[in-house]
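Subject: Handover of a structure for your review

Dear colleague,

Please find below the structure that I am passing on to you. My findings follow it, arranged by topic.

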Amino acid sequence: MPRTQIAPAAPPGDAATADLVRLRDVCIVHGRGDRATVAVEGVDLAIGRREFLCVIGPSGCGKSTMLKAIAGLLPAGTVQGSITIEGRSPEDARRANSFAYVFQEPVLAPWRTALENVRLPLEVARGRSPEQRRSPEELLELVGLAGAADKLPGQLSGGMRQRVSIARALTLHPSVLLMDEPFGALDEITRDHMHTELLSIWAATDASVVMVTHSLTEAVFMADRVLVMSPRPGRITAELAVEFERPRTHQLKSDLAFHQKVDELRAALEDA
Amino acid sequence: MTTVLPRRSTVRAVIPPDVLPPWPLRALRATRVWLVLVASVGVWELAVAVLDVPNYLVPAPSAVVRELLVKPELYLGALGSTALAAVLGFAAAVVVGVVLGVLFARSPLVEELVYPFLNIVRVTPTVAIAPLLTIWFGRGLVPVVVAAFLIAFFPVLVQVVLGVASADRQLVDVLRIANASELSVLRKVQIPNAMPYLFSSFRVAAPGAVVGALLGEFLGASTGLGYLITVASGQLNTSAVFLLAGLSCVLGIALFQVCVLLERRLVRWHPSVRL
């Protein structure tokens with residue numbers, strides 16, 4: 001099978017596509033005619049390289065739908081406006097393996113070991129050249145699971161499974177990691193641990209992250225920038241820059257400045 | 001302030017010593033099923049003798065065994081030919097069931113157009129179809145294999161459709177996002193997901209194939225356990241009928257056990273196996 005060679009830099013298109021991901025006036029409409037409901041309305045958004053962006057909003061505000069639209073997972077005809085990833089349409093970006101997706105659930109294949117699950121995208125992908133592919137063994141080590149390589153998902157804890165899922169998302173060296181409430185199903189202790197874990201994983205890669213969450217502290221702790229979405233129809237109502245120094249540790253969570261930032265975000269959410 | 005509790009390194013968990021029951025008890029536990037079997041056969045033998053039951057009504061177990069020892073090549077030969085037909089019918093059912101099942105699960109159109117007709121074949125009792133098989137295929141191995149196939153096929157088909165269609169949608173999305181081909185989605189996710197379903201269908205299909213083969217032989221064959229049953233019952237040779245029923249039973253259990261063993265080896269990851 002012929003493998004498409006991807007030029008690493010200088011994506012096609014105009015100079016305005018210097019942003020990694022660009023959404024222009026995006027509306028997402030489910031259904032047709034009288035039953036049509038607007039899930040997301042008038043979203044304009046640019047995500048830079050190596051940026052960590054969080055999108056926060058109440059349940060059902062369309063933040064996950066927006067993420068799905070970027071990944072091209074929505075049925076044709078539901079998305080209006082333009083979405084580009086590295087200057088390509090979501091469909092072309094998917095073919096080029098430009099992005100990866102992490103769901104709320106780990107969604108591992110229960111018949112494959114941790115290592116085999118991480119390897120899965122490598123076995124099926126057609127978009128990345130060999131030098132753009134990463135070793136599953138190294139990735140498993142990066143997420144701290146080198147010792148659990150031969151375990152089946154059924155033998156791993158919830159947090160370990162989600163780490164396998166993150167390692168799997170990194171195998172094709174994505175430019176963007178789209179994460180839909182990746183820690184939503186974890187208990188708070190594991191969640192806290194995963195926050196610093198993901199930050200150090202992110203620091204070790206050169207991917208941007210777009211993470212949907214409904215946790216205020218999670219958003220402030222992780223992100224460079226937080227977008228606030230309003231409920232039905234989802235619209236971006238506020239944008240908050242978070243400029244705490246990196247690498248961030250749990251110490252930050254007890255800082256006064258951190259709490260002020262969380263309060264600021266809470267106020268923005270209430271206004272939404 | 002948090003208080004740090006002292007480590008109780010001196011306290012040891014009390015593990016009860018591994019108490020093994022004395023060997024006679026262990027031996028009894030390991031063999032109790034067989035003991036029940038032997039005892040029932042003993043009671044049966046005794047009852048027939050004491051109550052003086054005529055042989056053509058209920059033969060004694062010893063009479064049944066004697067029947068086998070007198071003409072072993074006849075009965076074992078029949079067992080072999082029925083086994084061959086059942087295995088062939090079962091294998092055909094697995095191949096056709098898997099291929100059609102995958103097609104149905106992946107193409108709603110094919111399912112819509114083909115399934116109703118297959119359903120008609122399914123609800124028609126095989127007893128009603130079997131005479132046709134003899135008319136079409138003569139009195140050889142073929143109609144017997146087809147009868148076995150007809151009974152074994154549907155459980156396989158239904159379970160494969162379910163197994164392929166119930167694959168985790170998000171896992172399929174993970175593959176699609178990685179730009180996997182449809183063939184890869186089928187090979188890496190949908191087929192493995194269908195394996196436990198396939199094996200659970202075998203538990204119904206394998207004994208079903210034996211029933212089908214017997215039925216085929218019953219209605220039109222010149223060898224096999226089913227054929228011998230018609231002959232023996234015509235002669236009121238009840239010992240032979242008992243023996244043949246017993247051999248059919250052994251064949252069904254053997255096929256079933258082979259499938260269970262395969263299941264244990266091949267889908268070890270599934271909770272139904274791990275339990």
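Two residues are said here to be in contact if their C-beta atoms, placed from the backbone, lie within 7 Å. Please bear in mind throughout that this is a predicted model.

The contact between the chains

In that sense of the word, 23 residues of chain A and 15 residues of chain B make up the contact. On the side of chain A that touches chain B, the elements that give two or more residues are α2 (90–95), β5 (99–102) and α3 (114–124) of chain A. Of these, α3(A) provides the largest share, namely 4 residues. By residue class, this side of chain A divides into 15 nonpolar, 3 polar and 5 charged residues.

Chain A: domains

Where the two domains touch, 7 residues of domain 1 of chain A are in contact with 8 residues of domain 2 of chain A. The side belonging to domain 1 consists of 4 nonpolar, 2 polar and 1 charged residues.

Chain A: strands

Strand β1 (residues 21–30) of chain A pairs with two strands that are described here. With β2 (residues 37–47) of chain A, β1(A) runs antiparallel and is joined by 7 bridges; V26(A) has V43(A) in β2(A) as its bridge partner. The hairpin formed by β1(A) and β2(A) has 6 residues between the strands, and G31(A) takes a positive phi near 75° there. With β4 (residues 79–85) of chain A, β1(A) pairs over 6 bridges, also in the antiparallel sense. In that pairing, R24(A) stands opposite S82(A).

The nonpolar core

Which residues touch the most other members of the largest nonpolar core? Within this core of 144 residues, they are Y101(A), A86(B), A148(B), A152(B), V156(B) and A209(B). Helix α6(B) gives the most to the core, with 17 residues. Domain 1 and domain 2 of chain A each supply at least three residues. To take one member as an example, A148(B) touches A85(B), A86(B), G89(B), F90(B), A209(B), G212(B), A213(B) and G216(B), leaving aside residues up to four places away in sequence.

Chain B: helix α9

Helix α9 of chain B covers residues 224–234, and its buried residues are G224(B), L225(B), G226(B), Y227(B), L228(B) and I229(B). These pack against α3 (72–106), α6 (141–165), α8 (182–220) and α10 (238–266) of chain B. Just after α9(B), L236(B) takes a positive phi of about 55°.

Chain B: the UniProt record

An unreviewed UniProt entry lists "transmembrane region" for residues 33–54, 74–105, 117–138, 144–167, 204–229 and 241–262 of chain B. In the model, residues 74–105 of chain B are 100% helix and 0% strand, with end C-alpha atoms 45 Å apart. Residues 241–262 of chain B are likewise 100% helix and 0% strand, and their end C-alpha atoms lie 32 Å apart. The unreviewed entry also lists "domain: ABC transmembrane type-1" for residues 79–262 of chain B. That span is 90% helix and 0% strand, and 23 Å separate its end C-alpha atoms.

With kind regards

Notes. Residues are numbered from 1 along each chain as its sequence is written. Chains are lettered from A and ligands numbered from 1 in the order in which they are written. This is a predicted model: local features need pLDDT of at least 70, side-chain atom pairs count only at pLDDT 80 or more; totals for chains, interfaces and linings use all residues. Ala, Val, Leu, Ile, Met, Phe, Trp, Tyr, Cys and Pro count as nonpolar, Asp, Glu, Lys and Arg as charged, and the others, Gly among them, as polar. A residue is buried if 20 or more other C-beta atoms lie within 10 Å of its own, exposed if 12 or fewer, and partly exposed in between; C-beta atoms are placed from the backbone. UniProt positions are given in the numbering used here, feature names are shortened, and annotations may be inferred rather than shown by experiment. A nonpolar core is a set of buried Ala, Val, Leu, Ile, Met, Phe, Trp, Tyr and Cys residues joined through C-beta atoms within 7 Å. Domain bounds come from an automatic or database domain assignment. Two strands pair if DSSP finds at least two bridges between them.
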